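Have the structure open as you read.

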Amino acid sequence: MNKNTILITGAASGIGLAAARHFHKMGYWVGMADLNLALLKDVTKPWDHARVRLFQLDVSDFTQAQNVVAEFCAEHNNSLAVLLNNAGILEIGPFEDIPIEQHQRTLSVNVIGVMNLCHAAWPYLNNNGTSTIINMSSASSDYGVPELASYSASKFAVKALTEALELEWQKYGISVCDVMPPFVATNMLKSQKNTAKVMQRLGVNITAEDVVAVIDKQVRQPKTHRTVSVFYGLLH
Ligand code: NAI
C-alpha cells in the first residue's frame, strides 16, 4: 500500500512551510527540503518530528536532488505520493541593473530545480494514479512582467514543463499540474523594495494558507485541472 508521503522544496518559509504544516496535520509523512537547513530546524522546533524529515537541498544541484529523493523514499517503500516543487527566488528591478549571474541563478533555481526534482522523483512515482506533482508557477507565467524579466521567463518555463510532463506521464497515471498564486505576503515579496506598498495598494490579502487550500484540492482531485489560478481554486 502507498503511504501518504509528500516531499516539499523550499519548505522553510512562506507557502512551502504552510504546506508542510498542513499536510503534517493531515497525517502525511512530510519531507521538508530547503537551502536553509538552520531555518528549517528553527521553524519546525515545536513540531512532533515522528513523521517529518528535514533535508538541506539546493534544488539547482541534480545530485543533491537525487540523494534527497532517494533518502526520503527509501523510508516509504520507495514510493512518493506527492512532490511539491515550491522552492523559488525572485529579483525585482531593471533587467540591465541586475547582474547576469543573478538572472542565471533565478533560472537555475526556478526551472532547472523543478526539472531536477521531477527527474529524480520519476523512479519513485506510482503508476497507479496515486502520484501527483505540483509545481508553483505564478500570475506572471502568462505574460512578461517588466522588471521581473528572469522571474517571468522562469515561470513561463515551469508552465511549459508542467504541460509537457502532464501529457507525457498521463499514460502512467501520474498527474502533473501547476498552481498560480497571485501576490502573497511571504518573505519572497517582503524582502523586495516597495512590494509592501504595492500589495497595500492592491488590497489583495491572499495568504500562504489560501494557496495551500488550493494545493490540497489538487492533491485530492489531481485530474481536475492542469493549471490552477489560486483565485479560481478558492472559488470552486
Ligand atoms: P519564500 O521566499 O517565503 O520561500 C521560498 C523558500 O525557498 C525559502 O525557504 C528559501 O530558502 C527556499 N529556497 C530558495 N532557493 C532555494 C534552492 N536553491 N533550493 C532549495 N530551497 C531554496 O517564498 P514563497 O513566497 O513562499 O514562494 C514559494 C513559491 O511560490 C515560489 O516558487 C514562488 O515563485 C511562488 N510564488 C510566490 C508568490 C508570492 O506572491 N509570494 C506569487 C507567485 C508564485
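Ile-134 sits opposite Cys-177 of β6. The strands β5 (residues 131-136) and β6 (residues 174-180) run parallel and are joined by six bridges; strands count as paired when DSSP finds at least two bridges between them. Helices (H or I, at least four residues) and strands (E, at least two) are DSSP runs, numbered from the N terminus. This is a predicted model, in which local features need pLDDT of at least 70, side-chain atom pairs count only at pLDDT 80 or more, and totals for chains, interfaces and linings use all residues. Residues are numbered from 1 along each chain as its sequence is written.

Now zoom out to the open sheet, whose seven strands follow the order β3-β2-β1-β4-β5-β6-β7 with parallel pairing. β3 (52-56) and β7 (227-229) are at the edges with a single partner strand each, so one side of each has no neighbour in the sheet.

What lies across β5, β6 and β7? Helix α5 (residues 149-169) does, running at about 160° to β6. Helix α8 (residues 208-220) packs on the sheet too, touching β4 (82-85), β5, β6 and β7. Contact here means C-beta atoms, placed from the backbone, within 7 Å; axes are lines fitted to C-alpha atoms, for helices over the stretch in contact, with angles from 0 to 180 degrees between N-to-C directions.

Finally, the ligand has 29 residues around it, with Gly-10, Gly-14, Gly-88, Thr-186 and Met-188 coming nearest (a residue is near if its C-beta atom, placed from the backbone, lies within 6 Å). Elements giving two or more residues to this shell are α1 (14-25), α4 (100-121) and α6 (187-190).

Notes:
Two residues are in contact if their C-beta atoms, placed from the backbone, lie within 7 Å.
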